[in-house]
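Subject: Handover of a protein structure and its description

Dear colleague,

Please find the structure I am passing on to you, shown directly below. I would be grateful if you read the notes that follow with the structure open beside them.

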Amino acid sequence: MVKILLADDEPRMRRLVSDFLKREGYELVEAEDGQQALDLFFSEKGIGLVILDVMMPRLDGWVVCREIRKASNVPVIMLTARSEESDELFGLDIGADEYITKPFSPMILVARVKAILRRAGGGAPCPRRFGPLEIDSARRLASVDGERVYLSPKEYELLVYLADNEGRALSREQILSSVWDYDYFGDIRTVDTHVKRLRAKLGDAAEYIQTVRSVGYRFEALK
């Protein structure tokens with residue numbers, strides 16, 4: 001059973017989301033503010049996914065997400081009443097995997113939770129090497145020159161998708177459809193934001209992710 005940490009200062013929202021997720025067999029741990037969410041994240045064992053409201057007392061969701069990202073690659077979904085594009089890009093930039101605007105259908109949230117956990121559960125037994133870059137799908141880890149690269153779940157999934165399609169020019173639409181795994185209604189620049197962050201973390205292997213003008217990106221392990 002997957003354990004989910006749900007943090008929202010609105011009791012009605014917590015109850016609604018919790019009820020739907022429990023019906024799907026998930027175990028819920030609830031927090032009513034950001035500080036309690038952080039305390040529970042580091043004290044509870046086996047949390048497999050975090051759902052954070054952005055506007056919470058004591059610590060907001062942005063701060064909580066940043067602190068979680070310093071220690072863990074656990075998937076994070078942000079909930080917010082704000083729909084500005086800049087907020088969504090900011091949330092993705094600090095490591096969130098999904099950004100859902102209120103009001104939303106609880107079933108859509110459940111579908112996205114399932115999609116994230118489904119992707120997180122996949123894996124291959126043997127690491128793959130591309131020059132100095134190694135992708136260990138069994139442990140969901142990436143390393144460059146033997147040094148681990150700390151990626152968010154979405155960054156890791158993006159890297160794996162690009163590597164799986166080595167040599168192919170992939171459009172931003174293809175990447176959104178395959179990596180985000182649902183009909184994405186946000187700005188397509190989400191792909192560019194994640195590619196930029198991924199390149200920054202890959203060091204010498206960043207050149208493997210090539211920009212294809214007017215199309216998107218291509219993964220090419222240089223010989």
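The notes below go from the whole chain to individual residues.

**The chain as a whole**

Please bear in mind that this is a predicted model. The protein chain has 223 residues, of which 53% are buried. Its secondary structure consists of eight helices and twelve strands. Of the contacts with a separation of 6 or more, 59% are between residues 24 or more positions apart.

Helix 3 spans residues 61-71, and its buried residues are G61, W62, V64, C65, I68 and R69. These residues lie on the same side of helix 3, because they cover an arc of only 160° around the axis. K70 and A71, on the other side of helix 3, are exposed. At the start of helix 3, the backbone nitrogen of W62 has a side-chain oxygen of D60 within 3.0 Å.

The model contains four aromatic pairs. One of them joins W62 and Y99 in a stacked arrangement, with 6.4 Å centre to centre and 10° between the planes. Since W62 belongs to helix 3 and Y99 to strand 5 (residues 98-101), this pair ties together parts that are 37 residues apart in sequence. W62 is buried at 14% relative accessibility, and Y99 is likewise buried, with a relative accessible area of 8%.

**Other aromatic rings**

F41 and F42 form an edge-to-face aromatic pair, with 5.2 Å centre to centre and 90° between the planes. F41 is buried, at a relative accessible area of 10%. Elsewhere, F130, Y208 and F219 are linked into a cluster by ring pairs. The ring of F20 has a charged group over it: the charged end of R23 sits 4.7 Å from the ring centre.

D97 is located in the loop between helix 4 (85-93) and strand 5, and K102 in the loop between strand 5 and helix 5 (106-121).

D97 is buried, with a relative accessible area of 2%. A polar atom of the D97 side chain lies 2.9 Å from the backbone nitrogen of K154.

K102 has a relative accessibility of 14%, so this residue counts as buried, the cut-off being under 20%. Which side chains make polar contacts with the side chain of K102? One is the side chain of D8, at 3.1 Å. Another is the side chain of D53, at 3.2 Å. When neighbours within four places in sequence are left aside, K102 is in contact with D8, E10, M13, D53, L79, T80 and A81.

E10, one of the residues in contact with K102, is found in the loop between strand 1 (3-7) and helix 1 (11-23). E10 is partly exposed, with a relative accessible area of 38%. The C-alpha atoms of E10 and M56 are separated by 8.9 Å, while the two residues are 46 residues apart along the chain.

**V212 in strand 11**

V212 is placed in strand 11 (residues 209-212). Its relative accessible area is 14%, and V212 is therefore buried. Not counting residues up to four places away in sequence, V212 touches A169, Y217 and R218. V212 and R168 are 44 residues apart in sequence, with a C-alpha to C-alpha distance of 10.0 Å.

**Where to look**

- the side chain of K102, with its polar contacts to the side chains of D8 and D53;
- the buried residue D97, whose side chain has a polar atom 2.9 Å from the backbone nitrogen of K154;
- the cluster of F130, Y208 and F219.

With kind regards

Key. Residues numbered from 1 in each chain as written. Predicted model: local features only at pLDDT ≥ 70, side-chain atom pairs only at ≥ 80, totals over all residues. Heavy atoms only, no water. Helix = DSSP H or I, 4+ residues; strand = E, 2+ residues; numbered from the N terminus. Buried < 20%, exposed > 50% of the residue type's maximum accessible area, 1.4 Å probe, protein only. Contact = heavy atoms within 4.5 Å. Arc of directions from axis to C-beta. Polar contact = N/O pair within 3.5 Å; in protein donor to acceptor, adjacent residues only side chain to side chain. Phe/Tyr/Trp six-rings, centres within 6.5 Å; stacked < 30°, edge-to-face > 60°. Lys NZ or Arg CZ within 6 Å of the ring centre and 35° of its normal.
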